Amino acid sequence: MTTNWTKRCAEMDETSCARFTNEAKTNGFHVRKSTKIEDMGHVDYFLTKNGKTIAVDLKSQKRGVENGLFLIELLNVRGDLGWLFGKADFIVFDTPQGFQFVNRSALYLKMRAIFGFYVSKAGIAFDKRATYTSSPQEAIAPACYKREDRKFEAVTYIRGETIQDLFINFSCF
């Protein structure tokens, strides 16, 4: 059964996708939607301009973004590595100020410095800086949130000012 929140999220995602593709085309990009297999690698779109192609993972506005918070997925609900570890070159956040590109590798390094995590074939491990909370309101890095009904999951919010130095917009490409 689809909840109102799930339906609302899907509608927000569709709106973000439509606005993003329109804005990308307006800025001179050729836009290609990822295949299902590419999407599983956390890539939503490929943008090509001047012979250069970048892979992007679009993040629609989530609760908290109006307060300057950005949701970062470290582990997904299945316990697999989250989108921070995906194959996208850039994470694109849909914000009230417009679409903000963040180099995924730079974001990974910043999050690793905050959490002190390391990744192995067994998954992700955190050092003592990371804590878990069952309250999403308290899940500001280095705290992680895991819903009680989920065996695996680790998401966190990071303050916009913490990653502001990583923001790039369409005009920079």
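1. A nonpolar core, as the term is used here, is a set of buried Ala, Val, Leu, Ile, Met, Phe, Trp, Tyr and Cys residues joined through side-chain atoms within 4.5 Å. The model is a predicted one, and the points below should be read as comments on that model.

2. The main core. The largest nonpolar core has 22 residues. Those with the most contacts inside it are Ile72, Leu74, Leu84, Phe93, Leu107, Met111 and Phe117. Two or more residues of this core come from each of strand E4 (69-75), strand E5 (90-95), helix H3 (104-115) and strand E11 (154-159). In soluble globular proteins, nonpolar side chains tend to be buried together.

3. Asparagine 76. This residue lies in the loop between E4 and E5. Is asparagine 76 buried or exposed? Its relative accessible area is 6%, and the limit for buried is under 20%, so asparagine 76 counts as buried. Not counting residues up to four places away in sequence, asparagine 76 touches Leu81, Gly82, Phe152 and Glu153.

4. The open sheet. How many strands form the open sheet, and in which order? There are 6, in the order E1-E2-E3-E5-E6-E12, with mixed pairing. Strand E1 (30-33) and strand E12 (167-168) are the edge strands, each pairing on one side only. Helix H3 lies across E5 and strand E6 (98-103), and runs at about 70° to E6.

5. Strands E2 and E3. Strand E2 (residues 45-49) and strand E3 (residues 52-59) run antiparallel and are joined by 5 bridges. Threonine 48 stands opposite threonine 53 in E3. In the loop between E2 and E3 is asparagine 50, which has a positive phi of about 55° although it is not a glycine. Asparagine 50 has a relative accessible area of 76% and is therefore exposed.

6. Histidine 42. A positive phi is also found at histidine 42, near 65°, again in a residue other than glycine. Histidine 42 is placed in the loop between helix H2 (36-40) and E2. With a relative accessible area of 19%, histidine 42 is buried.

7. A cis peptide bond. The bond from alanine 141 to proline 142 is cis, with omega near 15°. Proline 142 is in the loop between strand E9 (131-133) and strand E10 (143-145).

8. Aromatic pairs: phenylalanine 70 and phenylalanine 167. The structure holds 8 aromatic pairs. In one of them, phenylalanine 70 and phenylalanine 167 are edge-to-face, 5.6 Å centre to centre with 65° between the planes. Why does this pair tie together parts that are 97 residues apart in sequence? Because phenylalanine 70 lies in strand E4 and phenylalanine 167 in strand E12. Phenylalanine 70 is buried, at 7% relative accessible area, whereas phenylalanine 167 is partly exposed, at 23%.

9. Aromatic pairs: phenylalanine 90 and phenylalanine 101. The ring centres of phenylalanine 90 and phenylalanine 101 are 6.1 Å apart and the planes are at 75°, so this pair is edge-to-face. Phenylalanine 90 lies in strand E5 and phenylalanine 101 in strand E6, so the pair ties together parts 11 residues apart in sequence. Phenylalanine 90 is buried at 10% relative accessible area, and phenylalanine 101 is buried at 0%.

10. Ring pairs link Phe20, Tyr45, Phe90, Phe99 and Phe101 into a cluster. Tyr45, Phe90 and Phe101 also belong to a second, separate core of 14 residues, which includes Phe170 as well.

11. Charges over rings. The charged end of lysine 33 sits over the ring of tyrosine 45, at 5.2 Å from its centre. Lysine 49 lies over the face of phenylalanine 29, at 5.0 Å from the ring centre.

Conventions. Residues are numbered from 1 along each chain as its sequence is written. This is a predicted model: local features need pLDDT of at least 70, side-chain atom pairs count only at pLDDT 80 or more; totals for chains, interfaces and linings use all residues. Side-chain values use heavy atoms; hydrogens and water are left out. Buried means under 20% relative accessible area, exposed over 50%, partly exposed in between (1.4 Å probe, protein chains only). Helices (H or I, at least four residues) and strands (E, at least two) are DSSP runs, numbered from the N terminus. Two strands pair if DSSP finds at least two bridges between them. Contact means heavy atoms within 4.5 Å. Axes are lines fitted to C-alpha atoms, for helices over the stretch in contact, and angles run from 0 to 180 degrees between N-to-C directions. Rings of Phe, Tyr and Trp (its six-membered ring) pair if their centres lie within 6.5 Å; planes under 30 degrees apart count as stacked, over 60 as edge-to-face and the rest as tilted. A charge sits over a ring if NZ of Lys or CZ of Arg is within 6 Å of the ring centre and within 35 degrees of the ring normal.
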